Amino acid sequence: AASDVYKRQVLKASQLGATGGFSDLATVADATTSVLNAYGKTSADAAALVDGFIQTQNDGKIVVDQYAQQIGRLAPIAAGAGVGIDELNAAISTVTATGVPVESTFAGLRQVIAAIQKPTSEASKAAEKLGIDFSATALSTKGLSGVLAEVVEKGGASEETLALLFGSVEARTAILPLLNDQLVTFNKNLENQAEAQNTAAKAAFTAQNTIQGLSLIHI
């Protein structure tokens with residue numbers, strides 16, 4: 001049955017993610033299903049999705065267990081706005097790597113997306129002045145990376161301008177680490193997401209060997 005295939009594919013991918021991501025099967029499977037549903041993907045995409053989770057762990061200061069507990073609330077918002085899961089993961093890893101706590105990163109990225117989707121009149125004026133397309137349409141057509149690249153190119157990455165564009169302290173907590181190096185780290189992490197195939201299997205293999213190694217030491 002189709003539902004059995006779905007379960008098998010999700011559970012197989014989630015098992016690798018749980019082993020390599022310091023989590024449990026139920027947490028990772030729940031997160032995987034949430035993201036699959038948010039982006040309208042099928043269970044055949046589960047393995048690639050979990051590879052992306054592990055890649056986020058590799059590039060950020062976050063483990064899959066923390067990611068899995070938060071992503072269910074952010075993925076539907078991002079998907080609805082036209083922000084791809086790779087972009088989301090690259091942003092999460094970039095922001096957490098600078099030391100921003102996991103919860104603040106997710107809350108901040110929610111606010112970043114909301115600020116671009118529904119800019120305040122203050123933000124619209126600031127964007128218009130710089131010639132930045134700051135709107136729901138821009139986000140859905142150019143993606144988060146496209147909008148942020150335009151902010152950098154048009155000189156909008158100063159703290160003063162970002163305060164006008166993004167408003168809330170939460171949003172700025174997430175946006176500053178992305179723009180501090182003109183998106184170099186974010187773009188590198190975005191490339192890593194695209195090349196993340198078999199990352200979960202490697203992480204699971206490493207974790208299992210580490211556990212075995214530690215148990216041998218204690219004998």
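## A buried leucine in a loop

Let's begin at Leu183, which has a relative accessible area of 3% and is therefore buried. Here, buried means under 20% relative accessible area, exposed means over 50%, and partly exposed lies in between, using a 1.4 Å probe and protein chains only. You are looking at a predicted model, in which local features need pLDDT of at least 70 and side-chain atom pairs count only at pLDDT 80 or more, while totals for chains, interfaces and linings use all residues. Residues are numbered from 1 along each chain as its sequence is written, and side-chain values use heavy atoms, leaving out hydrogens and water.

Leu183 sits in the loop between α10 and α11, and Gln182 lies in that loop too. Helices are DSSP runs (H or I, at least four residues), and strands are runs of E with at least two; they are numbered from the N terminus. Phi is near 70 degrees for Leu183 and near 55 degrees for Gln182.

## The nonpolar core

A nonpolar core is a set of buried Ala, Val, Leu, Ile, Met, Phe, Trp, Tyr and Cys residues joined through side-chain atoms within 4.5 Å. The largest one here has 61 residues, and the members touching the most others are Ile71, Leu88, Phe134, Phe166 and Leu178. Helix α4 (residues 64-81) is the main contributor, giving eight residues to this core.

Which residues does Ile71 touch, not counting residues up to four places away in sequence? They are Ala31, Val35, Pro76, Ile85, Leu88, Ile92 and Phe106. Contact here means heavy atoms within 4.5 Å.

## The bent helix α8

Helix α8 covers residues 136-153 and spans only 19 Å between its end C-alpha atoms, whereas a straight helix of 18 residues would span 26 Å at 1.5 Å a residue. The expected span is 1.5 Å times one less than the number of residues. At Gly143, α8 bends by about 110 degrees; the bend is the angle between axes fitted to the seven residues ending there and the seven starting there.

The buried residues of α8 include Ala138, Leu139, Gly143 and Leu144. Its buried residues pack against α4, α5, α6 (102-117), α9 (159-166), α10 (169-179) and α11. Just after α8 comes Gly155, with a positive phi of about 80 degrees.

How many salt bridges does a search of the whole structure find? The search finds two, counting a side-chain nitrogen of Lys or Arg within 4 Å of a carboxyl oxygen of Asp or Glu. Lys142 meets Asp133 at 3.9 Å, N to O, and Lys142 also meets Glu150 at 2.8 Å, N to O.

Glu150, at 13% relative accessibility, counts as buried.

Ser93 lies in helix α5 (residues 85-97). With a relative accessible area of 0%, Ser93 is buried. Leaving aside residues up to four places away in sequence, Ser93 touches Thr56, Asp59, Gly60, Lys61 and Asn189.

Thr185 belongs to helix α11 (residues 184-194) and is partly exposed, with a relative accessible area of 32%. Thr185 and Gln55 are 130 residues apart in sequence, and their C-alpha atoms are 14 Å apart in space.
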